[in-house]
Structures are given as C-alpha cells and as structure tokens.
Amino acid sequence: MRRHSLPEAQDILEEAHEKWPSDARFTGSLAAVYATFGKGKEAILLLEQYLDKSLDDVEAARVGVEWLYQIHAAGRLVHSRAEDLALARAWTVRYGTGPRQALVKQWLDVLEREPR
C-alpha cells in the first residue's frame with residue numbers, strides 16, 4: 001500500500017487474511033482496499049470483523065457509518081435494512097463526539113428515514 005500498488009496490496013492482504021483471519025491488521029487494511037475498488041459489501045463485511053476486534057478505533061466506526069450510507073444510497077443492503085441500521089447506530093455511538101460527529105449523525109439520519 002505504501003508503494004501505491006493497490007492490486008498488489010490486495011493480493012498480499014488477501015493471502016495474509018486467509019492465513020491469519022483473526023489478525024485485525026490485515027482485516028482493516030483489506031477492507032480499505034476493497035472499498036477503493038468499489039467492493040462495498042465485501043469492504044463493510046471485513047470492516048465489521050475489524051471493528052468487532054478493534055473497539056478503540058473510533059475513526060473506523062465513522063468510516064463504517066459512511067460506507068453503510070453509501071451502500072444504501074446506491075440502493076443496496078449489506079445484511080437486512082434492520083441489521084444495517086443497527087450497525088450504523090452502534091458505530092455512531094462508538095464514534096461519540098468525534099470531530100465529524102455532525103456528518104456521522106446526518107448519515108445515520110438518512111439511514112433511519114429510509115422507507116422500510
């Protein structure tokens with residue numbers, strides 16, 4: 001990733017994730033690469049795993065709410081609408097009073113107003 005060769009980074013991170021699936025260092029980075037390549041559902045599923053293990057990473061929680069917002073704005077779901085909304089709410093709480101709190105709250109508000 002430091003050399004900005006994302007396809008090569010993706011291959012390496014996928015291999016590392018296969019070998020060490022519980023290592024959050026690979027899960028979070030692979031999620032970011034997947035998001036860069038437009039693999040939103042795969043990215044958010046990995047981010048969900050990462051956040052389950054990395055409770056102190058509030059910035060990743062913000063990213064999670066943003067990605068859920070973007071996926072829903074594209075007319076897609078990750079799980080069900082209710083499960084996605086529950087994740088967005090939990091990650092918004094985890095983000096707390098971070099510097100982009102107002103934006104995170106706006107994303108959550110849009111998700112909460114979606115038709116059921």
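1. Tryptophan 67. Leaving aside residues up to four places away in sequence, tryptophan 67 touches Ala31, Ala32, Ala35, Ala43, Ile44 and Leu47. Contact here means heavy atoms within 4.5 Å. The model is a predicted one: local features need pLDDT of at least 70, side-chain atom pairs count only at pLDDT 80 or more, and totals for chains, interfaces and linings use all residues. Numbering runs from 1 along each chain as its sequence is written, and side-chain values use heavy atoms, with hydrogens and water left out.

2. The core. Trp67 is also among the residues with the most contacts inside the largest nonpolar core, which has 31 residues. Helix 4 gives the most, with seven residues. A nonpolar core is a set of buried Ala, Val, Leu, Ile, Met, Phe, Trp, Tyr and Cys residues joined through side-chain atoms within 4.5 Å. Buried means under 20% relative accessible area, exposed over 50%, and partly exposed in between (1.4 Å probe, protein chains only). In soluble globular proteins, nonpolar side chains tend to be buried together.

3. Helix 1, length. Helices are DSSP runs (H or I, at least four residues), numbered from the N terminus. Helix 1 covers residues 6-19, which is 14 residues. At 1.5 Å a residue it should span 20 Å, and its end C-alpha atoms are 20 Å apart, so the two agree. The expected span is 1.5 Å times one less than the number of residues.

4. Ala9, Gln10, Leu13, Ala16 and His17 are buried in helix 1. Seen down the helix axis, these buried residues fall within an arc of 135°, so they line one face. The arc is that of the directions from the helix axis to the C-beta atoms. Their cover includes helix 2 (24-36) and helix 3 (40-53). The face turned away from the buried side carries the exposed residues Pro7, Asp11, Ile12, Glu18 and Lys19.

5. Arginine 62. This residue sits in helix 4 (residues 58-73). Arginine 62 is buried, with a relative accessible area of 7%. Not counting residues up to four places away in sequence, arginine 62 touches Tyr95, Arg100, Val104 and Trp107. Arginine 62 also forms a salt bridge with glutamate 59, the closest N and O atoms being 2.5 Å apart. Both lie in helix 4, three residues apart, about one turn of the helix. Glutamate 59 is partly exposed, at 37%. A network of salt bridges links Glu59, Arg62 and Glu66.

6. Other salt bridges. A salt bridge is a side-chain nitrogen of Lys or Arg within 4 Å of a carboxyl oxygen of Asp or Glu. By this rule there are six salt bridges. One of them joins lysine 19 and glutamate 15 (3.3 Å, N to O). Those two are four residues apart in helix 1, so about one helical turn separates them. Lysine 19 is exposed at 52% relative accessibility, and glutamate 15 is partly exposed at 46%.

7. Aspartate 23 and arginine 25. Their side chains meet in a salt bridge (2.6 Å, N to O).
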